[in-house]
Structure formats: C-alpha cells, structure tokens
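Biologist: I'm new to this one. Can you put it up and walk me through it?

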Amino acid sequence: MPVKRERIERPEFNIPGQDAINNPGTTVEEASRIKKKIDEMLKKNKRDLKKKARRKRRRHIQEKGE
Amino acid sequence: MPKESRAIPKMCGIETEFGIIDLSSRASPASANAKFIQSIRPEWIPDSFMIPWNPQERLSPPIRMGLFRNFSEDADAENHDFFQDDSWRERENILLANGARLYLDGAHAEISTPICSDPKMLVTWNRACYRIIDFLRKKHEKVYRKKYAVIRNNVAGKPRDDIPGSGARNSFACHENYTVLRRISLEKLISHAVPWLVLRTPLIGAGKIGADNCTAEATYQISQRADFFTREWGLDTMEDRGIYNIRDAPYADAERFRRIHVIPGDSNMLEIPEYLKIGLTSIFLMMLEDGVLDGRFALADPVKEFWAISRSLDMTHRVTLRNKKETRLTLDCLWDYYELFGNYLDEYHPENEVFYDVLAHMADILKKLFRRDYESLYGVLDWPTKFLFIQRAVAKERGGWKSDLALGLDYEYHDNDPEGVFQREIFADNGRITRDEDIDNAIIIQPPTRAHWIIDVTRRFSKNIACSTYWHMISFKNPARGVLRAELYFQDPTLMWNQEIADQLLALPLKKFLIDAQKLLPVKVVKFCV
C-alpha cells in the first residue's frame, strides 16, 4: 500500500521580531514550560550535576582518535 | 505505478568512539581506554568471540591500486598505531553476540554496530551497543573496583583561554557507513555528497561550547565536528580531514559495491537526530543511484560553509553556491532537499513506511527551525536541548558560558550512563523512536542481515574449527595443524537472513557446508591446500 504523504507548504522564515536564538519564535507558553522544566531538573539535581560536571570537565582529556 | 528503482537497499552501520575517563586513578586517557577493553573477561559476555581482526582491511582499493597519487597507504598508516607493527594480532577484538564489534582503535574504545538494513533497525542496534558498553562499565566497577565515566561525544581537552579557538582540544568520531553501487563514480559521489553532509548540520548536530582548530571564536555551535574539517575530500581521519572521506574498504565484492565512510557527523544522545542522519542520507544515496539528483546544491567553499552553518544558531546564514551568483538560507536548501526526497519516494518507493516516517520527522523539525522555535525542539534535537539547558543552568553563574560549570555540562550531557542526569531526565522519555524491549533484544540477537549469517556460521563451526572473522569473511583453520584451510566470503552486503536456508546449511559438516553455501547463497569460498 502506498504511504500517503501530507503536502506541506514551505514555511516562512522571516517572522518579525525573531532574529536570534535568544529571541526565538516559540510561543510564550512553550518557552515558559521548558524553562520551568529545566529549572525543576536543575533544582532536583543541582549538587549531582555541579559535582559530576566539573569533575568530568577536569578529567575529559582524550587523545585524537578515529 | 511506481518507477523501477535501480538503487540497492541502503545497508548501514555506525562506529562510535568513546572517551573513557578513569575516575578512580590518575590513569592517562589512552591507558584508561586500553585498560577498559583489555580487562574485559570473556565470561562477562557469553556467546561472544575474542578474535584477531586484520586492520589492513581498512585500506581502500583505489589507494592500493595507486589511483590517488596524492595519498599513499602511509597516510593512514602514520595516523594509526595499528599499522606500526604486528601487535594488532594480540589486541582484543570482540565479536559480540549481536554481530557488533568491540575493540580498541588506537587510543579509544570503539564499538561498531552490525550491518543493518534500515534506519530504525540501526538506531535500535546502536542503542543496544551503548547499553553493552554500560553493562561492561558496571562489570569493571564490580569486579575491579574501578570507576569509569564513558563519554559519548566528539571533542575533549581543555580549550586555552589565552588563545581563542586554539587547537588544544582533540576530536574523535562517530562514523556512519553506507553501501552504494560501485558504478557511481567517486567524482559524482564527492560532488553531491559534500553539500548534503554540510547542509544537514542543523538537523543532526550535537552542539558544543567553543571553537577549535584555530577557527573563528564561537560561544556555542551546532556541530561538534565542523571545526576539525579542513578540506573537501581526503583520506586522513585524524588530521586535515576531508568532508568526504575516500576510505573505501567495501567489505564486499569490490567490483560491485562501495562502502561510503561518512566522518563529519556527531555522536547523538537523542534518537531522532540519529534516525534522521541515517534515514535521510540513505534516501539521498538511493537518489544518487537512481540518477535523480542534480548539482544545484554545489557549494563555493564547503569547508567555510560547514564552519559558518555550525555557528549560525539563528539560522540566518546564507550559503554561497558554486555558481557564485546566488546565496541561499541553509533552511531553504534543506526544504528543497525535503521536497526532492518526498517526490523521489512518491515516484520510486511509495510503500517504504520507514523512509516516509523519517521524512515526516524532517518536515516537523524544519518547520520549527524556520520559526526558530527552539524550545519545541528541546528533547528532539541535541544542539537546542543542550543549548537551552546550559543557558538556563549558567544564567546566574559567574563566567557564564566560559564557566567551569558550563564546560562541565557540555561533557556531562554525553555521559553514557543511563543513571546520569541527562539520560534519566531527558533521553529516557524524549525524542525516542525505539522501544526499550527492542533494544534489550538487540543486545543478544543479530539483525536479520549478513551479520546474522556471520554470527551463526561462526558459532556453528567455532567449537571444532579455529575461526577468525571480519565483517564479510570467515576463515577456517585446521585445528590440528593450525594452518588456513578455507575462507568464506559473503560478497553481497545486501544479503538478508533466511531461516529455511540456514536450517539446511548449518546442519551440514564444514566441507559439505562450504560446497552447498556456494549454491544457495551469494558467497565465495577460497580453498587452501593443507
């Protein structure tokens, strides 16, 4: 059975007032939802993250590979 | 009626190098990686084979044939300590029960998936490989009381604050492999593949803080690897890397097949970018084999465009095309690709559900990128997820993006431990295209491809006959005299598993098996007088 593909119009790029990652086109609700989510995750794991991340930063020195 | 496609199924695989840190001692990174692999005990991973693996296999036929005068075998040899002596014979190479290969590649632990026949299958087996690595890490902790961190990123080291973009950091890799028909010329492959490998960056990048290799300063960029590429094509993988890597060990009939070794991609933590990376590149290569791609995306300077796209977080960068008369937004080029891919599937493969699914993900993500709707890509693509998290985490931190915490999170994001914060809180539930039970199965069973044949034949004869195995070849030795008896070549990488034929063949003794296999399968047997 052939798969039915939804035809989608090329989206518009230039939405006024949205010119950088710090000012994205995300809806206010979505942006604050994600911010809240990240804040909760940070709060819950603050000690763990800070300790582990800094330790890895100090020790993650690898040789070139491939 | 769909048009008849001349493209072969896109058999694919992923090789991932890990950065292993020994947190319980001051061991050097090279020594930590070596120790991790060399201390694995066979009983930890039942149904696996510890075997020698001949690295000469990696040298490409064009180079062996002297077709590229600018390069020699030495180019690869110099960069790989595999080639310095014969010690590879004693090095640990483990052929895992699921058909993957675990080994020490120079200074890094590396795992290569078994050959797979579609992107969803590959993501599933690749994730199974990551779980195997984590299982081994836990074994090391329990048995040797060692504490390791296994990092699945592509760049490491300390950037020097006094020299912006200094070359102080090293890169290691996550390579993709695809089978294509040999009849597609190398020139055609390079000219078409280079723009695609550069332009796909916003869909697949894993994101990183800073710049490397003396390139322009950047707070954060989309690709981990872009800065490490300095030429359009080449053989080297560790210095002066080319966007198109010409290494061409096909692990198959070299007259019919070529293996494309794709090196500019990042190691992805989320499944969706990995799925897109493999799925879209597969569709792209099938279009090339069907002759339906033109040269409209040829870039004036692919290397500079790669660096620029990687830095264009707001998606406003315009690439200069080779005709130099036109500049286009990266996203416009990607939307053109999207439409071409869709039209191609409609005409040639209207029943391929997996590829249509890949395409639907591409459309959804592109729409969000066009709107620069990065929050809605949180938990979908790696680079916006990591960006938004670190931005929030260091908002009140002294030093901001250059703080120890920011640079630490840049690595922590890639921790392979499923109990790690990012794995637990983000990757476990977001951006998934696989199911946990499928991944668990893929740890112990092979995909229904040539890998299944390799494992089952090796398993069938390993008790009585000393075997060594490569991706496409099994050599049988006379156990009493230790001399080579025969080599069995699986010449066709598109070979799929067939239970009925397997039941028939694997019940036979070796001599009869080798005779009948040639009748029933696309294999070649080379016999040696003993």
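Modeller: One term before we start: two residues are in contact if their C-beta atoms, placed from the backbone, lie within 7 Å. This is a predicted model, where local features need pLDDT of at least 70, side-chain atom pairs count only at pLDDT 80 or more, and totals for chains, interfaces and linings use all residues. Residues are numbered from 1 along each chain as its sequence is written, with chains lettered from A and ligands numbered from 1 in the order in which they are written.

Biologist: OK. How is chain B divided?

Modeller: Into domain 1, residues 12-443, and domain 2, residues 448-527. Those bounds come from an automatic or database domain assignment.

Biologist: And how many residues are in contact between the two domains of chain B?

Modeller: 18 residues of domain 1 are in contact with 18 of domain 2. The domain 1 side has 12 nonpolar, four polar and two charged residues. Nonpolar here is Ala, Val, Leu, Ile, Met, Phe, Trp, Tyr, Cys and Pro; charged is Asp, Glu, Lys and Arg; the others, Gly among them, are polar.

Biologist: Switching to chain A. How many of its residues are in contact with chain B?

Modeller: 42 residues of chain A, against 56 of chain B. The chain A side divides into 18 nonpolar, seven polar and 17 charged residues.

Biologist: Now helices. What does α10 of chain B reach from its first C-alpha to its last?

Modeller: 26 Å, with 18 residues, 353-370. That is close to the 26 Å expected at 1.5 Å a residue, where the expected span is 1.5 Å times one less than the number of residues. Helices (H or I, at least four residues) and strands (E, at least two) are DSSP runs, numbered from the N terminus.

Biologist: Which residues of α10(B) are buried?

Modeller: Among them are B:Phe355, B:Leu359, B:Met362 and B:Leu366. Buried means 20 or more other C-beta atoms within 10 Å of a residue's own; exposed is 12 or fewer, partly exposed is in between, and C-beta atoms are placed from the backbone.

Biologist: What covers them?

Modeller: The cover includes α4, α6, α7 and α9 of chain B. After α10(B) comes B:Arg372, with a positive phi near 50 degrees.

Biologist: What about strand β5 of chain B, residues 108-112: how many are buried?

Modeller: Five of five. B:His108, B:Glu110 and B:Ser112 lie on one side, B:Ala109 and B:Ile111 on the other.

Biologist: How does β4(B) pair with it?

Modeller: Antiparallel, over five bridges; strands pair if DSSP finds at least two bridges between them. B:Tyr103 stands opposite B:Glu110.
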